[in-house]
Each structure stands twice: as structure tokens, then as C-alpha cells.
Amino acid sequence: ESNFDPEAVGDGGDAYGICQWNSRRDTMVKFCEENGYGSWKNIYGQLAYLGYELGHYEKEVGEFLKTVPNTAQGAYDAAYHFCYYYEVPANRTTKSKQRGTNAVTTYWRDYLGKTLETYTVTYDANGGINAPGPQTKTEGIPLLISLTRPTLSGYSFVGWSLKPDASTFDY
């Protein structure tokens with residue numbers, strides 16, 4: 001929400017800083033002043049307060065963040081969880097997915113200086129018609145399997161399998 005601007009003010013002047021503190025903004029301002037960071041606009045003070053919050057007011061979020069691996073999937077999970085349970089924006093699920101995707105495609109990739117792996121997922125209707133088109137799966141970003149249902153005379157579609165004989169249904 002703040003684009004990492006420690007001087008950001010939002011919600012009509014009610015939210016401050018990188019986390020757009022709203023209900024606890026006065027506590028954040030006081031924390032910065034009392035701990036030698038001076039103004040609430042100090043990025044180091046805000047980061048210190050964020051750490052304090054994750055260890056006191058938002059312990060479950062803080063504990064979860066400590067458990068995620070340093071992988072693309074871990075970056076997605078951390079950003080999604082942080083957004084969903086700490087930021088709690090309007091339209092939580094959509095925003096959390098956006099944050100997770102940004103964490104992987106921008107921040108995590110750039111941090112490691114590597115290219116993310118991508119894979120092509122193809123669907124085989126196994127003799128039927130109307131199989132969905134291929135999809136691209138990017139490392140660390142969940143893929144929603146196509147909801148398109150192929151048809152084959154005399155058969156009912158029950159799901160996608162990773163095996164050509166469809167002996168087990170995986171999706």
C-alpha cells in the first residue's frame with residue numbers, strides 16, 4: 001500500500017508509514033520517539049516497530065514468517081500470509097495473491113539474482129474433445145488447474161490424472 005515509502009500517509013491522513021499503520025499508528029509514532037528513531041518517518045524505526053508488532057501483537061504471523069523456506073514458494077507463502085493476516089486489506093484473497101505473486105516475480109527473484117523456472121502444463125483429453133489449452137506454471141506461484149471439461153462420448157469427466165490410463169485422479 002505504501003510502495004515502501006516510510007513517509008506515506010493514507011486513508012485520509014489516518015494511516016502512516018510502510019505498513020500504513022492505522023489503529024496502532026499512535027503506538028508506532030510513540031515507539032519511534034521512545035526508542036531513539038526520532039520521527040515516525042524513519043524507516044529503521046518503522047522496521048523495528050514492525051518486528052515488535054510481529055513479536056507481540058501479531059505473534060502468529062511472526063511465527064509463521066519464521067517457518068517459511070528461502071524458496072520461491074516460501075516467498076509467495078510469506079507475502080500471502082502477511083497480507084491476509086497482518087495487512088487485512090479489503091478484498092483479502094485477491095490482494096494476498098497479488099502480494100504473493102509480486103514477492104516471487106519481483107523481490108525474491110531479484111534478491112537471488114536468478115531467473116524463475118517456468119513449465120508448460122498441457123492437457124490431454126485422451127481421445128475426447130475440448131481439452132483446455134496449455135498453461136504456464138511459474139516457480140513458486142500456485143497454478144489454478146483449468147476448469148474446462150473435455151467430453152468423450154460414453155464417458156463422464158471426473159478429473160485430471162497424471163497417468164495416461166487415468167487409474168488415479170490427481171486434480
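Student: Is the crossing of H1 and H2 left-handed or right-handed?

Tutor: This is a predicted model, and in it that crossing is right-handed.

Student: Okay, and how are H1 and H2 set against each other, in angle and in distance between axes?

Tutor: H1, residues 25-34, packs on H2 at an angle of about 115 degrees, and their axes are 9 Å apart.

Student: Which residues of H1 and H2 actually meet?

Tutor: From H1 you get Thr27, Met28, Phe31 and Cys32, and they meet Gly45, Gln46, Ala48, Tyr49 and Tyr52 of H2. These count as in contact because heavy atoms come within 4.5 Å. Sorted by type, this contact has six nonpolar residues, three polar and no charged.

Student: What makes Glu34 and Lys30 a salt bridge?

Tutor: Set the value against the cut-off: a side-chain nitrogen of Lys or Arg has to be within 4 Å of a carboxyl oxygen of Asp or Glu. For Glu34 and Lys30 the N to O distance is 3.8 Å, so the pair passes. Searching the whole structure turns up three salt bridges.

Student: Why are Glu34 and Lys30 about one helical turn apart?

Tutor: Because they sit four residues apart in helix H1.

Student: What about H4 and H5, at what angle do they pack?

Tutor: H4 and H5 pack at about 145 degrees, with axes 8 Å apart. H4 passes H5 in a right-handed crossing. Among the residues that meet are Tyr76, Tyr80 and Glu87 in H4, and Lys95, Arg99 and Trp108 in H5. This contact holds eleven nonpolar residues, four polar and five charged.

Student: What makes a residue part of the pocket lining?

Tutor: A lining residue has an atom within 4 Å of a pocket point. For the largest pocket, 28 residues line it, and Phe4, Phe82, Glu87, Arg99 and Tyr107 lie nearest its centre. Helices H2 (43-55), H4 (72-87) and H5 (92-112) each give two or more residues to that lining, and the largest share, eight residues, is from H4.

Student: What is the volume of the largest pocket, and how does its lining divide by type?

Tutor: The volume is about 900 Å³. The lining divides into 18 nonpolar, six polar and four charged residues. Phe82 goes with the nonpolar ones and Arg99 with the charged ones, because that's how Phe and Arg are classed.

Definitions and conventions
Residues numbered from 1 in each chain as written. Predicted model: local features only at pLDDT ≥ 70, side-chain atom pairs only at ≥ 80, totals over all residues. Heavy atoms only, no water. 1 Å grid on protein atoms, 1.4 Å probe; cavity = no way out; pocket = protein on both sides within 12 Å on 5 of 7 lines; lining within 4 Å. Points joined across faces, edges and corners; volume = space filled by probe spheres on them. Axes fitted to C-alpha atoms, helices over the stretch in contact; angles between N-to-C directions. Left-handed = near helix turned anticlockwise from the far one by under 90°.
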